[in-house]
Amino acid sequence: MKKKGFILIVLAFVSTTGCEDFLDIRPEATVPSSGLDYTKSENIMLPVSAAYAKLRNYGAHAFPYIGAFEITSDNADKGSTPEDNPPMGELDNFTYEPANGLINDLWIAYFDIVSGANHAIHQMPLFEAALPNASDKLTTRQCQAEAKTLRAYAYFNLTRLFGRVPIVDTTLSSEELASLGQANTSQLYDFIEKDLAEAIPLLPASYTREWAGRITRYTAMGLKAKVHLYQQEWDSVVTLTGRIIASGRYGLLQNFRDVFSIDGENSRESLFEIQSSTLGRSTGDQTFIEYAYVQGPRGNNPPGMQGWGFCTPSQDLISFFTARGEEVRPATTLLYRGTKTPEGDSIQTICSNPVYNGKVYTPLIYNKWNFNGYGFDHNIRILRYSDILLMYAEARVRGVVVQDEAGLSADDAVNLVRQRAGLTPLSGATLQQILDERRAELALEEDRFFDLIRTARAANVLSGKGFMSGRNELFPIPAAQIQLNGNLTQNQGYN
Amino acid sequence: MVDGVFVDNIDFLSSGDIEDLTVLKDASSAAIYGVRAANGVILITTKKGTSEKPVINYDGYFGYQLPVNILPMATREQYIELVNEANINSPGYVPREASDYPASTDWYQELVRPAAITNHTLDISGSAGKTSYSIGSSYFFQQGIMDIKNDFNRYNFRGRLDQTVNKTVKIGLNSLLSKYGKHIPNDGAFFGAYVNPPLYSIYDENNTVAYPVRFASPQQYGFGNQYGNPVAAAYYYDNLENGIQMVFSTYAEFNLIPDKLVYKISYNTDLNYYNRRSYTPQFHVGGSQGVLKSSLSKTSGNATRQIIDNLVTWSGSSGKNNFSLMAGQSTRIEKTGFLTGSAVDVPGFDEQSKYIVTGSFSDRNATDGASAFNGLSLFTRATYNYSDKYLLTLTFRADASSKYQQKWGYFPSLGLGWVISDELFMEKWEKLDFLKLRGSWGLLGNDNVPANSAVTLGQTGAGSSAIFGDRLVTGVGAQTVVQNYLEWEVVNEFDAGLDFALFDYTLSGNVDYYYRLTNNVVFFAPIATGGGAAELLGNNGSVLNQGIELNLTLKKKISDFSTYNIGLNVTTIGNKVTKLQGRDYIPGALVRGNYTTRTQVGEPIGSFYGFEVDRVYESQSEAFLDPQSQAVKGAGFFRYKDQNGDEVINESDKVFLGSPVPWLIGGIDLGFSYRNFDINLALQGQYGNKILNAKRMNRDVFVDGNYDKDFYENRWSPERISSDYPSAEAYNFSFIQQSNDFFVENGSYIRIQNVQIGYNIKDLGFIPTLRIYISAQRPYTFFTYRGFTPEVGGSPISSGIDNSVYPMQSIYTVGAKMSF
């Protein structure tokens, strides 16, 4: 009996000797982050796809996005009911403070895109080193260029929003993140331009239809043109937009309404579009973004035709269209209650607001989500060809004389946009006419507010809404971010 | 720890199953229980047989639970008054009229009910020769207080057998099988009751979009989709869960050298299996309250925990010297897992039709998940005592856990005792029956931390996959922040105390000083943005808890028929952070764009941090003339205190506003018996902690939501100048609705925990002993906090943040205990 007992003890101790494996277990139901099989070319896309997925972040491209980029402008009102969502009301009337949650959401969301892009950027060289095949190596460089474009895009929005933010381009410790200082606007633009300049030569001119939505050479060029536009570097604007125009790959759709339809997604007019889709399902994981939903007709029926009703077209915008004698663009841009759309949906009189953003209108036949799926399949148009033409025209009007590949005049470019809108051609277009054309063409597409800032018109145009010069050109650094990183300093005008 | 098995809670036990309950707090006595005992251990022993004659026990009660302390909310007229005041300056706002709305509904009253509760335990135990046994069963049934099908039932079967095989071998087996089922209510309905305006009725025949039941909808009256009819929310919720829990332990003990060397091997396991199903019928109430298609989701899951222990104990004595030496080894394996499947368009005729296979073929989804961790320990303990007067215990542990990157931790501890009352020189102190001086010190590792969380994981699934050309393209992402190397959280504990008894044990008690320094404390801390993560698990620093603990019991016989007893326990807690790793402070608990707590050296962990309210501006002109600059000023708005005197209110004017950790917790027990009657009263309470009333701070989303009555009655208005409440208008501003000492409230409370009146009968025919009693549990709680309950939990750095809207319950029961 004694012996048996000792044998048991011995067995017990022996059973614990393989303890390194026993104690070193990986979390269940996960994959390792590094440790992707870098020798397999089909894995290259994994981190890049994850970086793109971050574009669907609610903060970056849904409610906070429409608030900061459009509701702040003279094109839109808060919408919904007067008392609904005070933080959004604060964006509408410029009473927001550093603790406004929507502003914090924007910061977090764009830095999340930066993080996703950084991950992809740093994974690509590992694939490149492990893959022997030259075409695979090329793919890794192209994918890295896509990720750099995403990072540049996120930083462009961060820069427009906050002016001064930290540059994060690698994996850091939490202590390092908490002590980063801010780069100033010109350092940020240098960083953005460097990413885009490196990306452009590596990116393909186009993809096959099944890859619709990926970043092309012209996406990066268009973004870079816009970055130069914001720095008043007109020569570069002309050169880049001229190359896009001269490529012949882009053009305006004949019918303005088609641009914003489901069929018109990823069309020849689109340079950058955030993909949102229910993938034909009615429940399950979220593969869409609620960009259209938050702007959909409030209180409408049936439920699939109903949204939150934010970002409603302002009277100022309606009058602006009327004064210009426009018919084509307002018919698509303005979705009035008590009307029936050409596609056959009723915007009922019980809706809370007289008019909604018609550019996000999504017919009921596409809204099959269980429940309230208004516009879940509606992509977000970030950069359209008409923007390219108008940037080109503006730079020309501002006196750029350099030759470019397109070789158009300002009038040529702006009249392409006007013609499609059913307007008479301009001759000797003025800067104001180009800027007005921008407003009419890109209304409610999250361009207007920062267009007013970059052209120093905001103080005039938005003073009635509460805009204060020397303060509201930039949003405040979110209070929560300053609480997390004591080295961040607040923007001017926010204490 | 139930019969040697570590469990997370004892919900599965019936009070009648419990024989004994012991609390171990100091490092030396808890040391042997290892890595789950660093914060103390509660040992529970279930019943076992002792007497030759089989004893049958019955213990049962019936009762009712009543919802209490329901926070009164504003009525229709009060709400209209407030909402009109709140929007007095909103452009485009048209003042509302109470008469335009059909009802004044108290949503809480519509949702609650008195609920039944009953429990019956029957067991038999005894011993025969070398065998002792105990077998029991119990039934428990409890309704929920929400007025909807909502209940919990549990059947327990318990058996314990100890068998002495021969001189050398003893074996034992103990098992508990608990089978439960519950209909789970929609707790969200209570939240709905808290925020929904009181303006509309439950049903409305004119709400033609509503089906199958004509519920009224807040959207009929222009309210946003954040509101939904609370009663409908409860009605259309159809969730249930059933499961089985088994706690099983077995051991074999070998007396290798009689009374000298014992070897014991034991295997303990806790197995849980559960099934959940949630069903939502096709319905619509209004707005987004509804679904186009019915849906069903089913989850099967399990959690298992296994511990294998080997212990060798050698004990000996020589004269008055007694010593023992023990060596042991323990292996722990814990796993959980679940599999969920879902479908839509599932017909809801009856339970038999609620299967995924009856649903639509498209839109079927599946997901799963799991967790696992392992642990390993080696430990040894030596004890020595001289004549049971001088006592010494030395323990040394080596613990390893898969949860930590630093796999192994080494933890010594030491315990000393001196029974002073046994000394000769104490003989003259006749009144003193017992006096013992204790001291202990030890290090204990704690592995009750999130498993395997300090590693970078690939982020998979739809959220990490791009869409191109209307297809989902698989992606794998990852955080881009360096993960912390996780080391053992170690409690360094010193305890010194006295146990005493006086006057023939009339007065007894103990007093202790404790000092617990938790080093490398592990929790998730928010980190600065940029690494793709909002928070990171790490060893964040050191937290000290110290204080005095006092327990006194007075038992006195007044006459032959009557006795009384008074018990008192008081613990003081001095909590402060003594060290932080790599940063000056850790913000916690993000509420409306601001972190509301701050963990900083020298302050209690997770202290509330924000503005101090100086006063409320009485008039527009006073606000205008005040040179102090702050984001919003006006009559009825807070004037925050300018802490640094620069006349600008900003981040640097925030101060510590108190701690969620109480200074003092305590309880009082009073008992009195006269002949066969007895009465007992237990009070319990805490003092000095603060609560952040976060549910009042949701007016960014629920801007036109209902108000609590306290706010209605005390708000600032031109007619009623308040010095501490804001106006209804100011109340909606985020500048007002941030962490400040209006929202940080006193959390002290005293509760009547239990009152029981009993009557004992002896030798009533065939029933040798019978006790009948009536009792009230938690009949009343005294507190000033403006919430449903002053008991608010949380995580280390975001504790006391109250969002709870679930009413407390009092339980009134009638019961009987008998044994044959």
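These legends accompany close-up views of a predicted model.

**View 1**
Strand S14 of chain B spans residues 365-386, and strand S15 of chain B spans residues 390-401. S14(B) and S15(B) pair in the antiparallel sense, with 12 bridges between them. Within this pairing, Arg381(B) has Thr395(B) in S15(B) as its bridge partner. S15(B) also pairs with strand S16 of chain B, residues 408-419. That pairing is antiparallel too and runs over 11 bridges. Here Thr393(B) stands opposite Gly415(B) in S16(B). In a regular strand, side chains alternate between the two faces of the sheet.

**View 2. The two hairpins of this part of chain B.**
Three residues lie between the strands in the hairpin of S14(B) and S15(B). In this hairpin Ser387(B) takes a positive phi, near 55°. The hairpin that joins S15(B) to S16(B) passes through six residues.

**View 3. Domain 1 and domain 2 of chain A.**
In the domain assignment of chain A, domain 1 consists of 38-203 + 456-495, and domain 2 consists of 293-378. The centres of the two domains of chain A, taken over C-alpha atoms, are separated by 28 Å. Between them, 14 residues of domain 1 of chain A are in contact with 14 residues of domain 2 of chain A. On the side of domain 1 that touches domain 2, helix H5 (63-71) and strand S2 (76-79) of chain A each supply at least two residues. By class, that side of domain 1 of chain A has six nonpolar, four polar and four charged residues.

**View 4. The contact between chain A and chain B.**
Across this interface, 94 residues of chain A are in contact with 97 residues of chain B. Several elements of chain A each supply at least two residues of the side that touches chain B, among them helix H1 (2-15), helix H3 (45-53), helix H6 (86-92) and helix H20 (479-484). H7(A) gives the largest share of this side, 11 residues; helix H7 of chain A covers 101-130. The residues of the side of chain A that touches chain B divide into 45 nonpolar, 36 polar and 13 charged.

**View 5. A strand pairing between the chains.**
Strand S1 (31-32) of chain A is one of the elements that supply at least two residues of the side of chain A that touches chain B. S1(A) pairs with strand S18 of chain B, residues 457-458, in the antiparallel sense. Two bridges make up this pairing. In S18(B), Gly458(B) is the bridge partner of Val31(A).

How values were computed
Residues numbered from 1 in each chain as written. Chains lettered and ligands numbered in written order. Predicted model: local features only at pLDDT ≥ 70, side-chain atom pairs only at ≥ 80, totals over all residues. Pairing = 2+ DSSP bridges. Helix = DSSP H or I, 4+ residues; strand = E, 2+ residues; numbered from the N terminus. Domains from an automatic or database assignment. Contact = placed C-beta atoms within 7 Å. Nonpolar A, V, L, I, M, F, W, Y, C, P; charged D, E, K, R; others polar.
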